Amino acid sequence: MNTKTQRHLLTGLAAGFVLATAAAVYWSLGSIDINAESRSSSRQNSVDKVPLREPSADEFDATLANRSLRAPLTDSPKVVEPRKPPPPRPVVERDPVLRLTLVGTIINAAERIAIISDQTGKSDVKGVGDSLELSPAGITIKSIDSNVVTLEYRGTRTTVEIEQPEGSPTTSSAKPSNRFRSGGRGR
């Protein structure tokens, strides 16, 4: 089929649909013949010659008989239950930040001692394995080196280094070296 024939066919089909739609609109908007309804109901009565029996009041359910016929034809409003509050979140006790300062260390052949102060300025002098009497309680000294002290608090280990004042010269013995890379050796 060539293009011209297809165009004529599609134009004809479109015109047919438009005519069918116009006829449906005219029919739906047309006047209703009341006599036609009475004729159709009389035909139905002539076909159904069996008289309908009215049900007795005993046959009705009491709730159906007492039902109001003037009730609105809408659904009853839905009862919305208030939302239950979410369960309380468990309180997770976090470890406080240890705000301690390593003031100095004393290392000799017999023992190792660290001088540590807290944020209030209170100081404590203790050795390896001792518990600090600073806030928070329960901090234990695990190891002491010349510039670094390792502390343990609630199973977590942390280190405290001697703070060098700004502008002061640092020597290799005064500051720990960070020259080691993970998985490698020093330079």
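What does the chain average in pLDDT, and what percentage of the residues score at least 70? In this predicted model, the chain averages a pLDDT of 76, and 63% of the residues score at least 70.

**View 1. Confidence along the chain of the predicted model.** Confidence is highest in strand 4, at 94, whereas helix 2, which spans residues 34-47, has the lowest confidence in the chain, at a mean of 53.

**View 2. Strand 4 beside strand 5.** Strand 4, made of residues 140-144, pairs with strand 5 in the antiparallel sense, and four bridges join the two. Within this pairing, I141 has L151 of strand 5 as its bridge partner. With three residues between them, strand 4 and strand 5 form a hairpin.

**View 3. Strand 5 beside strand 6.** Strand 6, at residues 156-161, also pairs with strand 5 in the antiparallel sense, here over six bridges. The bridge partner of Y153 is T156, which lies in strand 6. These two strands form a hairpin with two residues between them, and in the turn R154 has a positive phi of about 55°.

**View 4. Residues 171-187, where pLDDT stays under 50.** For this stretch the model has 13 contacts beyond four places in sequence. A careful reader should bear in mind that predicted coordinates are not to be read in detail where pLDDT is low.

Notes
Residues numbered from 1 in each chain as written. Predicted model: local features only at pLDDT ≥ 70, side-chain atom pairs only at ≥ 80, totals over all residues. Heavy atoms only, no water. Pairing = 2+ DSSP bridges. pLDDT = per-residue confidence, 0-100. Contact = heavy atoms within 4.5 Å.
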